[in-house]
Structure formats: C-alpha cells, structure tokens
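Have the sequence and the model open side by side.

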Amino acid sequence: MNYKAGICNFCGTGCGHLLNVEDGKISGVFPSRNHPVSKGRLCVRGWHIHELIRTDDRLTTPLIRKNGKLESASYDEAVSFAVEKLKGIKKPSEELGFLASPRSSNEENYLFMKLARSVFKTNNVSIQSESGQRESLNVLYKGTGMAGMLGSIEEIKKAEFILVVGTDITKQNPIIGSEIHMAAMNGSTVVTICSRKSQIAKLSDIHLQCKPGSKKILLAAMAKGLIEKNLHDADFVQKYTEGFEGFANSLGSLNDGDIESLTGVSAQQIAAVVKNLSEAKTAMAFFSSGISGLDEDTISYIYNLFVVAGKIGKEGCGVNPIAGIANLQGTYDMGVAPDLLTGFQSIKDAETAKKFGKAWGADLPVENGKDVYDLLAAKKLKGLVVVDHDELIVRQQKAIDDLDFVVYFGAFNNPFTELADVVIPIGTYVESDGTFTSTDRRIQLSHRKVEPVKGIQAGWQVYSMVAAKAGAKWNYDSPAAVMAEIASLTPNYSGVKYDKFKGIGGIQWPCNDKYPQGCPRFNAGDAKGKIKFVSVSANFKGAEKNTEFPYLMMTGKAQHFWHQNNLMRRTFIPMREYNATLLLYPKGYVEISPEDAKSIQVRDKWPVKVVSPYGSMKVTVKVTPDVKSESAYVPYFIRDMISEFLMEHKELLEQGEDAIIPVRIEKV
Amino acid sequence: MFLIKKNEVLKLAQELEKSYAVYGPVVEKESGQAFLTKVDSVNDIDLNAPIPALPPKSVVFPQIEKILGYKYDRNSKNVDIKMVVVPQAKAIFGLRSCDLAGIQCLDRFFLGQEFVDDVYLLHRKQMFIVTNTCTKPFAQCFCACTDSGPSAKEGYDLNLTDIGDSYLIEVGSDKGKELCEKMGLQKSEAAHAAEKVKVVDKSLDSFEKEAVENKAWISRVMNRITTGFIKPQVWEFIGDQCFECGACSFVCPSCSCFNIEDFNKPDTAVDRMREWDSCSFEGYTRMAGDHNPRKPIEDRRNKRFFCKLSYSQSKKYLRPGCVGCGRCAWVCPGDIGLPNVVTYVRREITEREINE
Amino acid sequence: MSEYKVITVPEVAVIKEIKKEIEDTSTFYLEFENPEVAKNFKIKSGQFIMCTIFGAGEFAVSLPPSPENDRFHISVRAAGKVTKVLHSLQPGDKVGIRGPFGNGFPFDEIKGKNVIYVAGGIGIIPLRSSIVHVLQHRNEFGRVIVLYGARTPQDLMYNYNIDEWRKIEGVEIYTTIDSPAPGWKYEVGFVNTLVEKAKVPVDNSVAFVCGPPIMFNSVIKDLVNRGMREENIISTLERHMKCGIGKCQHCAIGRTLVCTDGPVYTYKQIKTLGEQI
C-alpha cells in the first residue's frame with residue numbers, strides 16, 4: 001500500500017491526508033475522507049504538499065562557518081562547536097534566545113524548550129509568528145481556564161449561528177471556511193464582520209461591512225443590545241459566570257447615538273444580528289489568531305459577547321481562534337513562551353517549577369524570560385538558536401547579523417542559513433514520528449513515512465545530541481517516550497499516549513482521567529470556579545477623520561501568499577498562483593473602491609503613492625468593489641512592502657488585524 | 001463467458017500477477033479509505049471496497065511523474081536527454097464501471113486526437129482491465145444518469161459480476177479469453193447470463209433508495225451548457241462558492257489537464273515532471289507578461305463544467321465527460337460538486353435556498 | 001496509433017547568433033545539432049515550436065522564418081522566467097526544440113488575392129514568416145500591403161527586413177509610431193489610422209492582424225467598417241502553453257485548443273470563442 005495516512009502541515013486546521021510514497025519519495029497526496037475535520041477536503045496548499053516535501057533543496061550536511069564560509073562538518077563537530085559557543089555566553093537569561101518553530105512537532109518543541117531552560121538556563125524561548133494566538137489564549141485562559149479553542153471544528157455543523165470576525169477564512173484556513181459554508185447551506189445563520197467583502201462575507205447571510213478599526217465597537221454594540229433588550233442568557237450568566245456587572249458597566253460609556261457613525265453599520269442591522277444570536281440555541285465565533293489577528297481587547301469583547309449570550313460551554317458553541325500554522329497551538333501547549341511551561345502552566349508558579357525541576361533533574365531559571373524579538377530589538381542578545389525560518393525574521397535581519405553566534409536547525413535550504421554560524425540539518429515531518437496539535441486542540445500523530453535523507457537525524461535526536469554534549473543525559477528512545485514525559489508534566493495532556501492514536505482524527509485535549517479519550521469542547525461545568533467575564537477597556541473611540549490622510553488603510557494577507565513564501569516557493573502550482581498575482585501587480589497593490597479610483601483619477605494597475613504620517617510607498621492600485629469608499633486595503637504580498645513601509649508602523653501593527661493606518665493616496 | 005467461485009476470484013489476480021503489475025482496490029488500514037493502487041499482495045484486494053478515493057487515472061496518468069530527464073553542461077555544451085523508461089505492463093483488477101468510463105475518456109483524449117501522448121501510451125499499452133459490476137450503488141453514485149454503470153459494457157478484458165455463489169466473467173477481448181482458458185475456468189450457461197441481467201436491474205432499481213447523496217439530471221443541462229443559455233448570476237453563485245483548491249479536477253476520472261515543470265536537482269540534472277493541474281486556478285491560463293485571458297473565478301469554473309457537460313467536448317470523449325462517480329461532490333470545500341451544479345443550472349438557482 | 005511519433009522529447013539546437021531587435025526582444029538564430037532533423041524540419045507560416053531552455057523550462061514561441069529559403073530563428077521577448085534565461089544565453093549554447101505545431105496561415109488558398117498585414121509592436125513576429133513567404137512569391141498575389149506600428153522608432157522590430165521590403169517593387173509598406181520623434185520620416189499615429197491611409201482594399205482581399213488587444217480591436221473595427229468580411233480577417237492567438245500537442249489544455253478557449261486547432265483563426269471564429277483575446 002503506497003498511501004499512508006498523515007496530517008497536513010501547512011495551516012492550523014489539521015486536515016487529514018494520505019501521502020503516496022513511491023520508491024522512498026512522496027509522490028502524491030490525497031485527502032482523507034474519513035477524517036473528522038477535513039472529511040475529504042484539502043485546500044490548494046494541502047493538495048500540493050508533495051511538491052514541497054519531495055524537493056531536493058534540502059540541507060544534507062551540518063555546516064560550520066569558517067572564515068565567513070559555511071563548510072561541511074559532521075554532526076558531532078557541529079554540535080560540539082555549537083554547545084561550546086552557547087555555553088560561553090555568560091548571562092544566558094539576558095543574552096541568549098531560542099526561537100522555536102510553530103511547524104515542529106510537539107515532541108521537538110518540548111525538547112527545544114527543555115534544552116533552552118534546563119541545559120542553557122534561559123527562559124528566552126518564544127515564537128513570534130502569529131502572536132495573535134497568544135492574545136487569544138490569554139483571554140480564553142483568563143475566562144475559562146482553557147487555553148485553546150472552546151469549541152470544535154467537528155461541531156460547526158451544530159452551530160445555528162456563526163459569527164466570523166475579520167479573517168479571510170476561506171483563503172487562510174479554507175477547510176474551516178468550508179465547514180462554515182456547509183453549515184450555512186444547511187440553514188445556520190452566518191454573520192461576518194469585516195471591512196472588506198471577503199469570500200466568506202459573500203457567502204454569509206449578513207455582512208456587517210464596518211469601517212476599518214471599528215470591530216470592537218460593533219461587538220460592544222451587539223453585547224449592549226443583547227443586555228438592554230434582555231435577550232442575553234440570564235440563567236447561564238447567573239449560574240456559571242462572574243463579573244457580569246463589570247462588563248455591563250463598561251458598555252455604559254458606549255453612546256447608542258454614536259454607533260452608526262463610528263461603525264458605518266445601522267442600528268437595524270445590529271438589532272437583526274442580536275436577535276439572530278439570541279434566538280439561536282447554539283453559536284460559534286471565529287477569528288484569526290494570525291499575524292494580522294485581533295488585539296486582546298477586541299478578542300475580549302467577542303468572548304464576553306458569547307458568554308453573555310450563553311454560547312460557550314456546551315455542544316455546538318464556542319469562541320474559536322484559528323491558528324494559521326500547523327502546530328501553533330501545540331507550540332504554546334509545549335510551553336514555548338518566555339513565561340510558560342507546558343499546558344499554559346506559569347513558570348512563576350512554585351509548585352510547577354518544582355515539578356519540572358525534579359523531572360528534569362535541573363534548576364530552572366526562575367524569572368520570566370523575554371520575547372526573542374524584543375531582545376533582538378533591544379540589541380541585548382549575543383546568541384540565538386533558531387529552528388526553521390521564522391517568517392518575521394526579515395524584520396530583524398540586521399540585528400541578527402550583528403549577533404556573536406547563531407545556530408540554525410532546519411530541513412530546507414533557506415536564506416537564513418546565510419546568517420548562521422552553525423547549520424544543523426534535521427529531518428522533515430514525514431521522516432519521523434511526531435504529534436501536532438491543531439487549532440481545535442486536536443493532537444494528531446503523524447507517522448514516519450519515508451526514510452530520512454541519508455545521514456540526517458530527526459529533530460528530537462539532534463536536540464538530545466546537543467543536550468548530551470552539554471552534559472545533560474536525556475534518554476529518549478523515541479518520540480513516544482518524549483510524549484510520555486510531556487504527559488507526566490502536563491495536566492491537559494496527562495492521558496495522551498502513543499498507543500491511544502488508533503486510526504485517524506487524533507485526540508482533543510483535555511485528555512486526562514475525566515476525559516481519557518479527550519474532549520471536543522470546553523464544558524461549562526469544567527471551569528475551575530466560575531467562568532469569568534474578562535476585563536475590557538471602555539474606549540470606544542473610532543478612527544478619526546483626517547483631511548490630510550482621508551483613507552483608512554487596513555492590512556491583511558493576500559491570497560496565495562502564505563508563510564512568507566518560505567515554504568511555498570518550493571511548490572509549483574501554489575507558487576504559480578502567487579506569481580499570477582505578482583505579474584498583475586509586481587509592486588504589490590492597494591485595494592481601493594471604484595468611486596475612489598474615479599476621484600483620484602486612476603485605473604486598475606496604475607501606480608500610486610500611498611503616503612502616511614510616517615512614510616510612503618509606491619504601489620499599483622487594484623480597483624475593487626470589495627472595499628468601501630474611503631477605505632483601502634494593503635495585503636502582505638511582497639517582502640519590500642513589509643520591510644520598508646509597514647515596518648515604520650510597528651506600533652500600529654501591534655494592534656493586530658484591526659490596526660489602521662490613515663493614508664493619502666496620490667496618482668503618480 | 002465463464003464462471004469462477006466467489007472465494008476463488010482472486011486467483012484471476014494471481015494469474016495476472018505473473019505478467020503484470022497488479023493494481024486493485026485496497027483499504028488503507030489507518031484511515032479506512034479505499035485506494036486503487038499497486039497491490040503489495042493480491043490478497044489485499046477487496047472487491048467490496050467502496051469506490052476508491054483516487055480515480056484510476058492515477059494508474060495511467062499519475063499525480064506527478066517524470067516525463068523526461070536531461071542534463072546540460074553549460075561549459076562543455078553537452079546535452080544528455082533521456083526518455084522515460086517503459087514501466088511494467090499494468091493490470092487493474094476490480095475496476096468499477098464508472099472508472100472504466102473515465103479511462104475511456106482519457107484514452108480518447110490522449111490517444112485518439114491529432115497527436116498521441118506518448119507518455120500516457122507507455123502506461124496504457126498492454127494493460128489488462130478487469131471490471132467489477134456494482135450490485136448496489138453507493139450513496140454518492142449517479143452513474144445511472146451518465147450512462148456509465150452499474151456494469152461496464154465495453155472496454156474491459158474481463159468483467160466480473162457477483163451472481164451469488166460465483167462471479168460471472170464476461171470476456172471483452174482475446175487477451176481476456178486466453179486468460180480464462182489458460183486457467184481452465186468453467187464455461188457459464190444462459191441462466192447465469194440471465195442472472196446477471198437481474199443483478200444489474202436490481203442494482204439500477206436500488207438507486208432511488210441507496211444513491212441518496214447525488215442526483216444529476218445531466219441530459220437536461222447539456223444543451224444549455226453547450227449553447228451558453230445560462231444566466232450569468234447562476235455562474236456567479238457557483239463562482240462565489242469556489243475555493244480554488246483544484247480538488248474537483250484532481251479526483252475526476254476524466255479530467256486530464258496537466259502542468260509541466262522542470263525540477264532542477266542538486267547534481268544539475270533536471271527532471272521534467274508533469275502533474276495534475278486544474279482550470280480553476282487563476283495562474284492556469286496566465287501568460288508570461290501580464291495577460292490573463294480568463295480571470296474571474298466564475299469563468300474558470302464555467303470552463304470545467306463545459307468540459308464535463310457540453311456536446312462539443314463529448315465528441316472528443318464519445319460520451320459525456322462526467323462518469324457519475326460522485327467524487328467531486330465529496331472533495332469540494334464549496335458546495336459545487338457537479339451534481340449540485342447541474343441542479344443549480346437546471347433550476348436557475350442564484351442564491352442560497354435556506355432549508356430547502 | 002501505429003504511426004505515432006514521440007513528441008515529448010526535444011531535439012537539440014545550437015544558438016548560432018543573437019541579434020538584439022528592440023529593448024527586451026532579441027532574435028536567436030538556431031541550427032539543429034542533428035542534420036537529419038534539420039532536413040526533416042518543415043514548417044508552415046504561422047506555426048509555433050516549444051523551446052526548452054535547459055534547466056529553466058519550456059515555452060511556446062511562434063516561428064518568424066519563411067518556410068522557404070530562410071534561416072531558422074525565433075524572436076523572443078524576455079517576458080517570463082524561462083525567456084529571461086534564454087536572454088542570458090550566448091552563441092554556442094544549446095536549446096531544445098519540439099514541433100512545429102499548430103495549423104498555420106493559409107498560403108495557397110489566398111493566391112491571387114490582395115494581402116494586407118497589420119501588426120502592432122512585437123505582433124509582427126508571427127506575421128514575418130507569411131510576409132516573407134508571400135514576397136518570395138510576389139507575382140502570385142494582388143496588392144501586398146504591410147502596415148506596422150510601434151510606440152517609438154526604437155520599438156520597431158525587423159528594421160533591417162522592413163528596409164529591404166521597401167525596396168521590393170509592388171509592396172506597400174507603411175510604418176508608424178505613436179507620437180513624433182526626431183529623425184522619424186514615416187507616419188505618426190496609431191496603426192489603425194494606416195488602414196485609411198493605405199486605402200486598404202476589401203474585395204478579394206485577406207488581412208492578417210496581430211498585436212496587443214487594444215490595437216487589435218481598433219484595427220478590426222476599421223477593417224470591418226470598410227467592408228472587410230470577418231472570415232477574411234486572420235489572426236494568430238497567443239496562449240499559455242505547456243505541451244503544444246492538445247493535451248495539457250492550458251490554451252483551451254471554449255471548445256477550441258489554440259495549440260492544435262489554432263493558433264491561426266479567422267476573426268469570425270475568434271468572435272465566437274467568447275473569451276478575451
């Protein structure tokens with residue numbers, strides 16, 4: 001049998017696929033019809049994953065930089081050299097950073113995190129990509145104690161009401177978008193809040209095309225409408241929750257008369273959505289936790305809205321952040337964060353630290369670490385260890401260039417190796433067993449499907465090698481043994497064992513004594529204490545009119561531009577699709593409405609200058625009715641746009657998806 | 001016509017294994033999914049497996065395959081071009097009739113036009129095909145609407161029909177006859193043939209009850225698709241639901257679009273690969289230098305349905321391009337598998353009809 | 001099926017000479033490595049070949065040489081990934097050739113008629129073959145008119161050929177550029193204005209039109225307005241192609257495949273295809 005079951009490794013949906021293995025090479029992919037999430041579907045990326053995996057553009061030998069040039073070395077030499085250099089860093093808690101990959105398996109991420117903390121004594125271990133995920137997890141953890149999606153993709157079909165906030169979900173996580181569309185076809189009411197007419201907006205029953213930067217106000221208005229009309233779930237609020245008063249009070253400062261002018265959405269439309277939400281027995285909210293995800297305050301409003309409507313804690317309900325990368329959820333589960341250990345356990349918690357210290361036979365650094373990117377920006381770092389090519393690294397290329405020592409672990413050749421002093425190859429995800437946790441907390445085991453490229457070791461073996469060189473004795477004979485250790489230290493994973501992964505579909509955590517086979521959703525009764533409304537700001541200031549910069553420009557992702565093209569450039573058909581758009585708009589594009597195009601006197605593909613208070617860029621315009629007048633949309637599409645223009649707006653971009661840049665657009 | 005006892009039917013495959021690489025329906029254990037694939041052992045063949053996920057085109061026209069190898073040394077100007085080698089002759093055992101119709105479409109397209117596709121021919125020549133009559137349709141099936149089942153009429157070497165204790169073997173070629181005679185199989189009688197007719201009739205009768213997922217009244221839309229008398233709003237409604245994944249083309253037994261790319265290897269040799277492509281992709285018709293003649297999604301979708309359901313395309317296939325296997329319906333992230341599209345077109349549906 | 005020939009394997013040809021035509025377009029003179037192949041390589045005007053640039057890929061390109069007594073060459077604009085690599089090659093480098101493919105322009109059928117060529121920019125490339133061929137048989141045709149326009153004098157292809165054609169008796173050559181330029185002694189204005197200037201005949205005439213979509217559409221309009229019948233207006237279509245033999249379907253337009261049914265179509269046919277040109 002050439003076909004072997006596995007899981008797609010692109011986005012966080014966790015689709016099942018089968019890879020065709022012929023002569024030790026992956027030569028095809030097919031969707032898994034019985035898979036509970038994807039049910040026989042894959043997106044354009046998933047359908048071409050074999051193009052990526054079969055590439056010959058691999059790192060085939062360890063490399064050490066000598067006199068400025070990378071030269072082949074043995075694993076032993078490379079690892080020894082790396083350990084010697086890393087151990088030489090005097091204040092690891094300030095000067096050493098570990099940048100993990102949200103594509104690595106749980107086992108590899110766990111060991112990488114363990115390596116940083118127990119061997120090299122630093123808590124500076126993080127990922128930067130898709131940091132919106134952390135904000136989502138913070139909100140959900142504060143509210144319910146569960147740092148993960150509260151609902152389940154499998155239950156989307158049971159949701160009578162589905163709210164999609166922002167995300168261009170049919171492009172970024174197409175199979176989740178598909179589930180929502182299928183639910184709509186079967187009678188669920190789908191409402192999309194988005195300033196652009198995205199595909200999911202077109203497929204929705206109601207599209208609230210709000211002004212850029214006003215999603216939070218719209219969500220607050222909906223919560224306010226629910227409470228004022230007494231349409232909220234008072235029984236649920238009373239029985240399960242605390243903090244309702246505080247939330248209701250913070251809505252007080254929202255003036256009903258301002259809502260329409262602030263959001264561009266009429267009171268009737270909002271009332272209709274509120275009515276739909278309250279009448280539905282079940283409801284789910286979806287939003288992207290991606291690079292352009294929402295800010296914590298907006299996520300808090302989504303969460304509180306669903307709590308007040310009584311739409312969490314039961315089947316068919318949930319507040320659901322969507323991860324854009326395969327093991328993003330799992331990476332946080334594995335404690336790849338400066339302040340966390342596995343399963344969202346705080347490093348400051350003495351009991352937890354003791355538990356880990358004992359299990360690892362090492363003292364852990366006690367202070368919270370720092371985000372590696374913050375350290376890079378602060379120019380404090382001396383050494384850096386990187387797994388895979390993090391997509392945001394382009395923003396810090398100079399800072400990395402200035403470091404004393406950089407170690408790179410990865411499977412593929414990529415530009416980052418040019419910055420590294422030691423390059424240590426690891427196998428791809430099909431060359432080793434490993435588990436991946438997708439966005440609905442679904443832990444899935446991906447079996448080894450092909451022999452590794454000659455002489456290449458799997459990540460978990462390489463990290464063990466590094467630990468051994470540094471004097472720590474790790475005795476893992478397999479990824480299963482690593483998972484056993486994870487389970488022993490992580491309450492939510494305590495019931496996870498490789499033996500349990502029979503068939504396909506995996507196990508959704510919490511997997512523990514209460515739920516030995518996992519649990520699809522957050523159940524209201526499982527909250528420690530009561531479910532909490534999370535605190536929100538009562539700041540309802542909309543974007544201000546500005547005559548000098550009359551356009552509100554949004555940022556987002558372009559279709560066919562995934563993962564900064566680091567992965568996609570090794571594919572042919574998805575890359576061709578990207579190139580098709582690139583050919584049309586070689587300098588990137590800014591979307592404006594036909595009315596605005598008329599007033600600026602430009603046509604599609606004409607060059608324009610986009611000027612903001614901080615800088616300017618030359619791009620071509622894409623004239624589309626998908627954006628409203630006085631709005632503009634610029635997607636992450638080509639590298640120059642990100643590094644040269646958007647970089648200047650770092651503070652604004654930290655507000656996430658709803659960040660807006662006021663600009664003026666001039667004909668060139 | 002011959003007979004073979006039910007529990008001995010795989011002996012045919014064993015006999016074929018002596019001269020062919022045998023492909024058949026096998027269930028992958030972890031996922032429980034049936035594939036038509038090269039068998040490790042003929043005993044793995046499961047004639048009762050559901051329609052294999054992968055269409056049999058993967059046997060004659062693989063998802064990705066090398067069609068040429070070359071190496072060019074720019075210094076010495078030396079070019080070394082190598083054709084692909086002839087693979088071992090293949091036998092497909094237990095093909096469903098819809099999938100046979102798919103192969104026939106491909107044959108007529110790849111071999112029956114002005115040019116013969118020599119790579120396809122390498123796979124296809126000397127092939128031995130054993131089809132298997134569906135005694136009962138699956139939920140997704142609509143071969144009855146596309147005249148491609150439940151039993152194959154032509155194009156096979158042997159056709160099996162489960163008639164109770166035995167399989168009736170119909171002979172479709174000299175090759176098939178030789179094999180049966182070589183194995184010394186028992187000749188069938190008129191009663192057996194009559195039994196087969198009953199089996200097929202019963203299978204057809206059970207479509208109403210069993211094949212509940214899909215109906216495609218394609219004869220009602222072929223004329224309109226050919227002439228183009230379809231409201232643009234219908235295509236727009238269909239186009240809005242297209243996620244541009246290409247899946248419908250990949251799983252279609254008769255879709256044959258491909259892309260060709262040269263893969264550079266580290267040792268400077270190059271593999272010219274061809275792989276499945278789909279007309280639903282924006283880059284599909286793109287030409288170098290910023291010109292894309294076919295842009296909106298609804299236009300590109302439109303092209304595929306034209307290919308499956310127009311008279312002019314049927315002339316190339318000598319039958320409708322759709323063979324009624326229902327695969328496109330289950331892989332589509334939108335809700336625009338071919339049967340649904342037929343319904344939308346036929347009833348001029350331009351928006352969601354909630355709780356239909 | 002018995003007499004099928006292998007068409008997936010390219011024949012090797014050597015680049016003998018490279019001539020820069022205009023800014024991003026050059027002419028590459030080629031010679032097959034195998035003399036047997038060269039001998040059997042018979043083309044028709046309007047056909048195309050698939051050209052492999054080793055290590056980069058393959059692209060479709062129309063054939064500018066005349067079927068008779070002309071040097072084998074292609075003229076290529078550096079437009080995409082593969083063609084850009086071609087432009088980096090030197091004489092002596094080798095390429096792969098498959099073909100020729102496609103239906104080609106009518107020749108015998110149009111004998112005795114007035115022949116009008118209307119080209120814009122690099123649209124002259126596919127027409128060159130037919131122009132040279134007709135001129136080689138000048139006496140067998142009626143009036144022969146070439147109307148050729150480009151943005152600037154520097155954008156005119158095949159200057160050296162055009163100068164020669166001007167010398168041939170009984171050939172009417174009109175060239176034009178979009179706006180006046182120093183030293184330019186010919187026409188100024190868009191190509192379609194030449195239709196009127198040349199007093200293009202419409203009876204017993206056939207027009208070959210090739211150029212960018214805007215030019216194409218306006219020329220067609222003017223020709224039709226003058227009374228030219230749509231079936232007597234002939235053009236050649238360019239499409240993204242991968243196989244050249246009617247299999248990959250990249251060049252499909254409605255029910256026609258440009259590589260095997262085309263690339264030459266009459267305007268009457270093009271109109272029914274229902275896609276953008």
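A salt bridge here is a side-chain nitrogen of Lys or Arg within 4 Å of a carboxyl oxygen of Asp or Glu. By that rule, the interface of chain C and chain B holds 4 salt bridges. The model is predicted. One salt bridge joins B:Arg74 to C:Asp93, with the closest N and O atoms 2.6 Å apart. Polar contacts are also found between chain C and chain B: 20 residue pairs, both residues at pLDDT 80 or more. On the side of chain C that touches chain B, the elements giving two or more residues are β3 (48-53), β4 (57-62) and β6 (94-101) of chain C. By class, that side of chain C has 20 nonpolar, 15 polar and 12 charged residues.

How much area do chain C and chain B bury between them? The figure is about 4,100 Å², with 56% of it on carbon and sulfur atoms. In this interface, 47 residues of chain C contact 47 residues of chain B.

Now turn to chain B and chain A. Here 56 residues of chain B are in contact with 57 residues of chain A. The buried area is about 4,800 Å², and carbon and sulfur atoms give 57% of it. Three residues stand out: B:Glu30, B:Phe243 and B:Arg352 supply 16% of the area that chain B buries against chain A, more than any other three residues.

The count between chain B and chain A is 1 salt bridge. A:Arg576 pairs with B:Asp277, the closest N and O atoms lying 2.7 Å apart. Several elements of chain B give two or more residues to the side that touches chain A, including β2 (21-28), β3 (33-38), α10 (232-240) and β12 (269-276). That side of chain B divides into 26 nonpolar, 12 polar and 18 charged residues.

Next, look within chain B. Why is strand β7 (residues 128-132) of chain B largely enclosed by the rest of the structure? It is enclosed because 5 of its 5 residues are buried. Side chains in a regular strand alternate between the two faces of the sheet. In β7(B), B:Phe128, B:Val130 and B:Asn132 point one way, B:Ile129 and B:Thr131 the other, and all are buried.

β7(B) has paired strands too. Strand β6 (residues 90-96) of chain B pairs with β7(B) in the parallel sense over 5 bridges. There, B:Ala91 has B:Phe128 as its bridge partner. Strand β8 (residues 158-162) of chain B also pairs with β7(B) in the parallel sense, over 3 bridges. In that pairing, B:Val130 stands opposite B:Leu158.

Terms used: Residues numbered from 1 in each chain as written. Chains lettered and ligands numbered in written order. Predicted model: local features only at pLDDT ≥ 70, side-chain atom pairs only at ≥ 80, totals over all residues. Heavy atoms only, no water. Contact = heavy atoms within 4.5 Å. Buried area = accessible area lost by both parts, 1.4 Å probe. Polar contact = N/O pair within 3.5 Å; in protein donor to acceptor, adjacent residues only side chain to side chain. Helix = DSSP H or I, 4+ residues; strand = E, 2+ residues; numbered from the N terminus. Nonpolar A, V, L, I, M, F, W, Y, C, P; charged D, E, K, R; others polar. Buried < 20%, exposed > 50% of the residue type's maximum accessible area, 1.4 Å probe, protein only. Pairing = 2+ DSSP bridges.
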